[in-house]
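Here is a short briefing on side-chain packing.

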Amino acid sequence: MIALLKDGSALDTLESVRMAYNGYIFGETVVYNPWSVLSFLASDDRRTRGYWVSISANELIRDLLVHHALDVEDDIAILLEGGAIEQRLDENVAFDQLPGSPRALFALLVFSGYLRAEAVEAGTTHVPAYRLSIPNDEVREVYISTFRDWMEERLSGQGASSRRLVRALLSGDVTAFEEQLRAFVVNVLSYHEARRLGPEEVYHGFVAGLLATLEPDYEVRSSRESGEGRPDVLVRPRQPGKPGVVLEMKVARGGQTPEQALEERLSQIAHRDYTAELRAAGASPVHALAVAFSGKQVAVRAAAGVSR
C-alpha cells in the first residue's frame with residue numbers, strides 16, 4: 001500500500017486510507033478494499049469516500065438491520081463504539097431464514113463484507129465462533145446511516161424528530177427532551193407491540209440510534225455492566241468547548257414510582273460524580289439527566305447544580 005500511494009503521490013494520506021478501507025481478512029492476511037483504494041487514487045480531490053458501499057446493493061442489508069433493530073441494537077451499539085461481539089455463524093444460510101434469525105443476519109453481514117470475522121476457539125460445538133467487528137470507516141457509515149434513518153422514522157411517527165431530540169439533549173432542555181424521548185418510546189413499543197418488548201430494549205435501541213445520530217462530533221458510550229461506577233450513557237464531545245451529557249436510565253419496577261426512580265438515579269449521579277470525565281475533557285456546558293421509564297411513560301429530570 002505504501003508503494004501504491006507513493007506512486008500516486010498520495011503517501012501523506014496513508015493513515016486516512018487505512019482507516020477508511022483496510023481491515024478485511026483473507027486467511028491470515030489483513031487487506032484493503034482494492035476498489036475503494038483505486039477509486040480514491042483516481043479521484044480529483046483525494047478524499048476518502050464510500051466508493052465500494054456506494055456501488056454495492058445495500059438495500060437488503062439495510063432492510064434486515066431495520067427489521068432486526070431491536071433484537072441486535074445492543075450488539076450494533078458495541079460495534080459502533082469500535083468494539084467486537086462474539087457470534088457463532090451458520091455457514092449455510094438460506095435467504096428465507098434472514099427475516100426470522102438475527103444469527104443468520106450476522107452470517108450475511110460477514111459473508112457480504114460488512115463485518116470482519118476472526119475465528120475464536122470453537123469449544124464443544126461444531127458451529128464455529130467468531131469475533132466480529134466493523135472492518136473500517138467506509139463500512140461503518142452504512143451502519144451509522146441505517147440506524148440514523150431508523151431512529152428518525154421511529155420519532156417521526158409521533159411528529160418528533162431526531163434533530164429536535166439531539167438539540168434538546170445537548171442544551172439540557174428537560175421538557176423538550178422528555179417530549180421527544182416519549183415520542184420515541186411510544187412509537188417503538190407500538191410498532192413492536194406483538195413482540196412484547198420492554199423498556200430496556202427500547203432504551204438500548206435509543207442508545208444505538210443516538211450513537212448514529214451524534215456521529216462524528218460526539219463519542220457516545222454506554223455501560224452494559226452494573227455496579228462499575230459508570231454512567232449508563234456518556235455523550236462526550238470530540239472537541240473541547242462543546243456540550244457534554246450524562247444520562248442515567250432506570251425502569252420503575254416492584255411498586256417503585258417514576259419519581260422514586262428519578263431520585264435514585266439523581267443521587268447516583270451526584271454520589272459518583274459522573275460528570276467528572278466530561279469536565280476533564282473540556283465539555284461545556286455539562287448536563288446530567290436522569291430518565292425513568294414506566295411502560296410507555298417517560299420522566300426526565302436534570303441533576304441540580306451540574307449544568308455549567
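A search of the whole structure, a predicted model, finds seven aromatic pairs. One of them is formed by Tyr24 and Trp52. The notes below start there.

**Aromatic residues**
- Tyr24 and Trp52 pair edge-to-face, at 6.5 Å centre to centre and with 80 degrees between the planes.
- This pair links distant parts of the chain, 28 residues apart.
- Tyr24 sits in strand E1 (residues 22-26), and Trp52 in helix H4 (residues 51-55).
- Tyr24 and Trp52 are both buried.
- One aromatic cluster is made up of Phe147, Trp150, Phe177, Phe184 and Phe206.

**Nonpolar cores**
- The largest nonpolar core holds 72 residues.
- Tyr143, Phe177, Phe206, Val235 and Leu247 have the most contacts inside this core.
- Helix H11 (residues 199-214) gives the most to this core, with nine residues.
- A second core is separate and has 16 residues, including Ala252, Leu266, Ala283 and Ala288.
- Phe177 and Phe206 are among the residues with the most contacts in the largest core, and both belong to the aromatic cluster.

**Contacts of Tyr143**
- Neighbours within four places in sequence are left aside here.
- Beyond them, Tyr143 is in contact with Leu65, Ile76, Leu80, Leu109, Tyr114, Leu115 and Ile134.

**Glu259**
- Glu259 lies in helix H12 (residues 258-272).
- Its relative accessible area is 41%, so Glu259 counts as partly exposed.
- Glu259 and Arg301 are 42 residues apart in sequence.
- In space, Glu259 and Arg301 are 9.3 Å apart, C-alpha to C-alpha.

Note on methods. Residues numbered from 1 in each chain as written. Predicted model: local features only at pLDDT ≥ 70, side-chain atom pairs only at ≥ 80, totals over all residues. Heavy atoms only, no water. Core = buried A, V, L, I, M, F, W, Y, C linked by side-chain atoms within 4.5 Å. Buried < 20%, exposed > 50% of the residue type's maximum accessible area, 1.4 Å probe, protein only. Helix = DSSP H or I, 4+ residues; strand = E, 2+ residues; numbered from the N terminus. Contact = heavy atoms within 4.5 Å. Phe/Tyr/Trp six-rings, centres within 6.5 Å; stacked < 30°, edge-to-face > 60°.
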